[in-house]
Structures are given as C-alpha cells and as structure tokens.
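Thank you for making time this morning.

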Amino acid sequence: MIKTAVDAGAGSITGRKTGKKTLIGGRIPKLDAPEKVAGLTRYLEDIKLPRMLYGKILFADRPHARIVGIDTAAAKAMHGVRAVLTTADIELVPFGFGGDNTALKTGKVTCIRDEVAAVAADTPEIAAAAILVIKVIYEDLPAVTSPEEALADGAPVIHKKTPDNVPFRFDYLHGDIEQGIRESDVIVEDTYTLQRAAHCCLGRAGIIARFEADGRLTLHSLTQVPFSYKHDLSRIVGVPPEKIRVLQPPIGGAFGSKLDIHPFEPICIFLARATGRPVQIVFTREEEFLATPTRQPMVIHLKSGARKDGTFTFRDVRMTLDNGGRTSWGATTPWISMRTFSSLYRVPHVRQHVDVVYTNNIYACAFRGYGNPQATFALESQIDQLADRLGMDPLEIRLKNAQEPGETTGQGMVLGTCGLAECLKTAARNAGWDVKHSPLRKTLVRDALVRDSNTLVRDSNLAPARVCGMGMASLFHVGGGAKIQRSDGCGTMLKIDDFGGVTVQTGASEIGQGSETVIAQIVAEELGLPVSNIRVLNSDSDFKPWDVGVHASRTTFIAGNSAQRAAREARGKLMEGAGRHLHRNPDELDLADGNVTDRATGEPLESIGKIVRSMHFGGKHEMIMTSHFYEPPSEMPDQDHKGNVSACYAFGTHVAEVEVDLDTGVVRVLGISAAHDVGRVINRMGIEGQIEGGIAQGIGYALYEEVKVQGGRVLNPTFTDYKLVTTREVPELKIEFIETHDPAGPHGAKGVAEAPLVPVAPAIANAIFNATGVRITELPMTPERVLAKLREARKTLVRETLVRETLVRDSNLAPGRGGDIHG
C-alpha cells in the first residue's frame, strides 16, 4: 500500500518540519467502502416507510396485439389490494426520446414488456397474486421481429405516426467518399452483427414514491440524472418540478440503465397518488431481464480503404438498429458511433448512414460506451483486415494513422492532448507484441487442416489441439463530458467548519464509480487536509446544486473541476485569514497535513481548525463558504453533427492474447495488456478498478453475453441462462496509464469510466484471427460460432486444395507435359 495523507490525523501540530505531500495519484479507498463491507449500506429495497405498499406491474407478454378489454374485478376484490390501475384511471402523457411511450398502454401493445395494468397491495405476495387474476383480452396482430421484416414492403405498421417503421435516420459526412475510393489501393468490405446485452446490475430496478401532506412528491430513485428526471417526470405525473424531491439511495450498479425515465417510475407515482400511501416497486430478476432496456443491437456494414503505405483513405458506414417496440436512449447511440468512425485515427473521407427501425422486440437504452463498443468492434476488426491485405503489421498501420496532439478531426473535435501513439506502443511492448504476434500462425494452422475419411477434422499429427494468437484494438471516446444539452456543467457548494472539517455538496451522483472519493481527494489536496476530513453530500435534490447527470465519462472531469474551483476559492479565504492571524504575508504560507505551514520550510505554524475559529470569532466574524458552477468549454454539435462536443478526449489500446481450441471452438483469454491516456491519475486504486471492471465486462460482451430474443420473446431471463463472465475467465491484466496532463482537467485528468470496455471485443477477435486465420464478425464469439467458422474455413481449404490438385494433374496431362491426353 502507498502511504498517503489519508493515513494521517487531522489538524494536529507535530512540532516537526513536514514535507509537502500530495494525494493526487495515491491509492485512496472508496469513502463508502467501510459501510458496504460491514453490511450497513441500505439499498432501495432495504428502505421501509410507515404504511408503505408494494406495487406490481402486469406486462403484456405479447409482441404485438390489440387490447380488446381488461377485467380487474377479481384483483380489486382481493383482501389487501389497495389500488388497481389501467389506462382508464390515469392521464396518459407520451414521454421518451421518441415520444412513443406512456406509463400504461392503451389500444395495443408493441412488445412483450409493455405495461398494461398495475396493483398496489399490503405485501409483495398479495400484489403478485393480484396481477395473476387480471384478465386481458387480446387480439394478436402480425409481429415483425427483425429490421429486415419491418422494412419489407407491406410490413405491419408498429406505430401509426411512422408508416415506414423508421422513426429516426442519422447521416454524417466529411470529405468526399468517391475521391477516397479513387485514392485507395486496397478496399475491404464486411458486415458486423452486434447483440443485445443486459446491464446485469446486482441492484434491481426500483423506486419508492410518496406524497407529503403539503402535496410535494418525494421519490427514492436510482436515477443517474436527478434534475432532468424531475423536469421530465413533472410533465408525466402533473406535479410541478419544484415540488418534486429526489433522494438517491446507494445504487447496486447502473452502467447507463438509469439515464432514462422508465414506465415503472410514473406507474409507482400514480399508485401512490391513488392510495395516499407510499408505494415501493422493485423488479424481480426475471423482470429485470424482460422489462428493462438492453444494449442497442445493430448491424454495421463497413467499407474502408487504404493506400499501399497503409494511409487510411475513406470509411463508408451503413448501420441498421433494431429499435424494438418503443424508444429509449439506444436509438441515439449513432451520435457516438459516428465519432468513432470519423475520428479514431486520421481519415479524410467518412460517410455514415443509419436507419433506426421499429420492431416488436424489446427495446434498448444507454449502456457503458453508448454505441462505441459496437462501432469500435467493426472499425478495429476492419483495420486488421486492411493490414492483412496490405501485408502490414497491425501495430504499424495504426501508428501510421494515429493522431498527434493539436489536431482537429474531420468532425471538428479538437485533440488538445492525445496519447494514442503512446498507448499503442506501451500496450504492445507490455504484451510482448514483437515476440508473440506472428502473421505466420494462421497460415501454419490453416495448412495443417486437412480432409480425412470424407469428414473435415484436424489432423492431430499436423495441427495442435489449441493454438494461440494476439490481437490489438484502440479506442476514442469523450473524456471531458459531452454537450448534448444546453448545459453540461456541475455545481459545488463548500463550507469549512470551526474544526477543519469540510462539507462538500456536489451535484454529481455516486453510482458506484467512486466519484465521492475523487471529489474528496481533489478538495483535500487544495486545502491541505486528509481525506478523512472531507464529507461529500450528493443524494438529495433539495440541497445539492444542479448537475446534468452521470454519463459520458464526465464526472471526474466536470464535477472535479467544479469542486477544485470551489476549494481554491475557500483556500484563498483561508490563507487571508491565516495571514491576519499569524501576521504573515499569505504568499509566504501553505497548507499541508491539516496545518498552515511556512511555504519555504514546510514547518507547521497553526492548525487549519484554529485559523477558521479565529476568522469566525475574530474581528470580521466570517465563515468560509464558497460555491462554483463549472461549465466546460465544449460546444453543441451543429446540424451536420460537427463540433467540439467535449473538453478533452480519451484514448486507449488493448492487446489480447487468446487460446483457441480447434476441436470445440472454445476461446480462452490468456492475458490483456491495456494502456490508457487518462490525462492524469487522481485515485490509482479507483482507476485501476475502473479499468479492470471494464475489461471484465468487455470479455463478457465479446465471448458470452447475449439477451436471446426469438419471436419477440426473451429466451434467457435468468442468470442461469444468461452467461456472465466470472473471475475464472478474467486473465492476468497488465495496465499502464499514459499521463498527458490535459490542461482543461482537474490536475490534468480526463474521464475514463466507459473507455476500458470499448476495445476488448475487437482485440479478442483480432487475436482469434491471428491464431486461426478465421475472422469472426458477430458477437458474442461463442464456441458454436467459432467452431462453425473453423469448419467453414476447413471446407474452403479442401475446395482450394482439390482445385489446386486438379490443376496440377491437368497440367501434367497436357500435350508436351507427360504425354498426349488423347493417346
């Protein structure tokens, strides 16, 4: 363990000279760790309010059907049932990104998770039983369960206002694609299929709603965006936003799943209003799989080119998104994916067209990476395909096209700092790329696959049962927020009490990512205090200042900048008071270890607490209270999707080493080397956890995880059948941080939360190709898919071998080469 100021006592004078310490870059445990380890943390489902009822929702369980009638009489007659709601009992206000959702559904249902009725009862068991006796008469309608079906002539129309079943289209262009094609010496084209994946938060979705005696609405909510949440809910439930209070209990995971308003939330509010009592809704694990949105599934057709020397020339992208029966934030993921295609490496000509298509499947929302994992899988896979066609080392082609600091991408993003080339070199060096990556591997394996006894098998005398390979992939992501609203800022209010204790009220929400700890670290560093002296408050919308929310890897950068500026203002006031108290020039003083010190010698002169008391009870009678609202210097994109949307940008490279079993198709990840441009490390323990967790999540996305949907129904809504990565599948990780010290960030830091997941899948896919010569273009890369590709490769080899043998035989029989074939 690295000993830091967190281990020191607060505000004591030792009488000895102390050197200036820094908390930045140290290993600081999360502030909430002791409570969690001790089992004292109270999650949403642990909260029990007086007279609280329990809500339950009846879902349609039909992919596409007309609602003919609903009979709730039996449910209303049950003992302990306090309310039963259908659309006849509430006002339906459309909400969501597409305006195609309502709390309960009327007329028809468009996917199995559509909410039809709701119950509030004395116990969860009574509520669940009441749901079962509600009778709904449906008239089934033809269902479309793929974008191809939905786009076909004469396809059923899912929403009347969208007769072509395409609610959104996205188009982006920079440069001239035709010119790029003409300038290319090699062109590669392929299609990549990306699956649905579940967030798998261990804390299940839920909410508690209660109306106070004065009509105010109090919500215990897991939202990531409390202030937007208040604004949007206000319109849906008819309560002014200033009369809505949001309390955010500790959360058991989010990963983007709690950015949107989901129908169960206004339903709970309507139940609370109908009963006059608090109501809690908490999903079961099966409901979590069925009725919360997933990662956005999509099909990406990518065509790209390069010159003989490896210089990238163009990228032409067509994407089709399965929107499902309603719209959440998943439909907007092309806004991020286009930035990967336009700006990961230097490329002069880029075009992207996206169709977002209604189907009768479940729908998708934001998920860590927000469309970037899908785009990066396609792009980084195809970069390796280009390198293979050109006979170039995959590292060499990437380095040739990597941007340098100060460049502006074709989409208008300014790369003030850029550590991409260093990430590439570092990850490759740490992985042993020069030794372990060999283009000969796939050739040797392919040459050893032969035909035997009319079946395609591996010849054990020629080919090993398992082969190893190495692949790499990089990432580009926002690192300083993303201006998708008019403000991307965050507020901080700070006070120092009479004993050197600091209370920080931040707009930033804690969702398990460790933002409280980083903010406390930044404030403690500015004020020369141990982290144990800092208390961070962030869970009550009545008291915390405004923040746009937790998304886009923005909190360390945005909230950190806000906290740092508030702390610097407090430091200035503290130094003025210390100067008066000590009769010294403030410029001669410093703060360290809870004391005011002599800047030149480091000697402690007085405790910070005593200085604050002297200011409070002295001549001016002042308290140290400051506030700051930080708005990043980013800009909203224009109508062509161009602009500098983030204050800085994150880069990273992963190198994966894999072992592939040629008989079973099983892929085992042997190791991952990761290098990330993080600007500057604030909390080493926290950022290591982010990288490790992101890589584990990325391995799951690459090899195991998929919400399987057939006929509009989810086939695997349990952890028994939904395959998550476990500790056994996480290999040795080599992690190194590239510190580019971005001048816009707090202490030079960039945001990094989403980044480590993004390049994992393409790095593994490229390693599989290096090992076997087989290119996998669909996720997850399950043993069945890998084995099918290996068998397909064997068949191709056999055909090619037979053709070669026939050509040789025919040439030997030709006149003048061994005799007259007519003789």
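Predicted model: local features only at pLDDT ≥ 70, side-chain atom pairs only at ≥ 80, totals over all residues.

K30 counts as partly exposed because its relative accessibility is 28%, where partly exposed means between the limits for buried, under 20% relative accessible area, and exposed, over 50%, using a 1.4 Å probe and protein chains only. D32 counts as buried, because its relative accessibility is 18%, and the side chains of these two, K30 and D32, meet in a salt bridge at 3.8 Å, N to O. By salt bridge I mean a side-chain nitrogen of Lys or Arg within 4 Å of a carboxyl oxygen of Asp or Glu, and by this rule the count comes to 43.

Residues are numbered from 1 along each chain as its sequence is written, and side-chain values use heavy atoms, with hydrogens and water left out.

Another salt bridge joins the side chains of R204 and E45 at 2.6 Å, N to O, and this pair links distant parts of the chain, 159 residues apart. R204 is partly exposed at 25% relative accessibility, and E45 is also partly exposed, at 33%. The side chains of K750 and D677 meet in a salt bridge at 2.7 Å, N to O; K750 lies in the loop between β30 and α19 and D677 in strand β27, so the pair ties together parts that are 73 residues apart in sequence. Both K750 and D677 are buried.

Turning to the domains, whose bounds come from an automatic or database domain assignment, which charge pair can we name between domain 1 and domain 3? The count between them is three salt bridges, and R245, in domain 1 (45-141 + 204-250 + 258-291), and D540, in domain 3 (489-630), form a salt bridge whose closest N and O atoms are 2.4 Å apart. R245 and D540 also belong to a network of salt bridges together with R216 and D542.

Last comes helix α18, residues 684-703, helices here being DSSP runs of H or I with at least four residues, numbered from the N terminus. Helix α18 is mostly covered, with 14 of its 20 residues buried.

Conventions: Helix = DSSP H or I, 4+ residues; strand = E, 2+ residues; numbered from the N terminus. Expected span 1.5 Å × (residues − 1). Domains from an automatic or database assignment.
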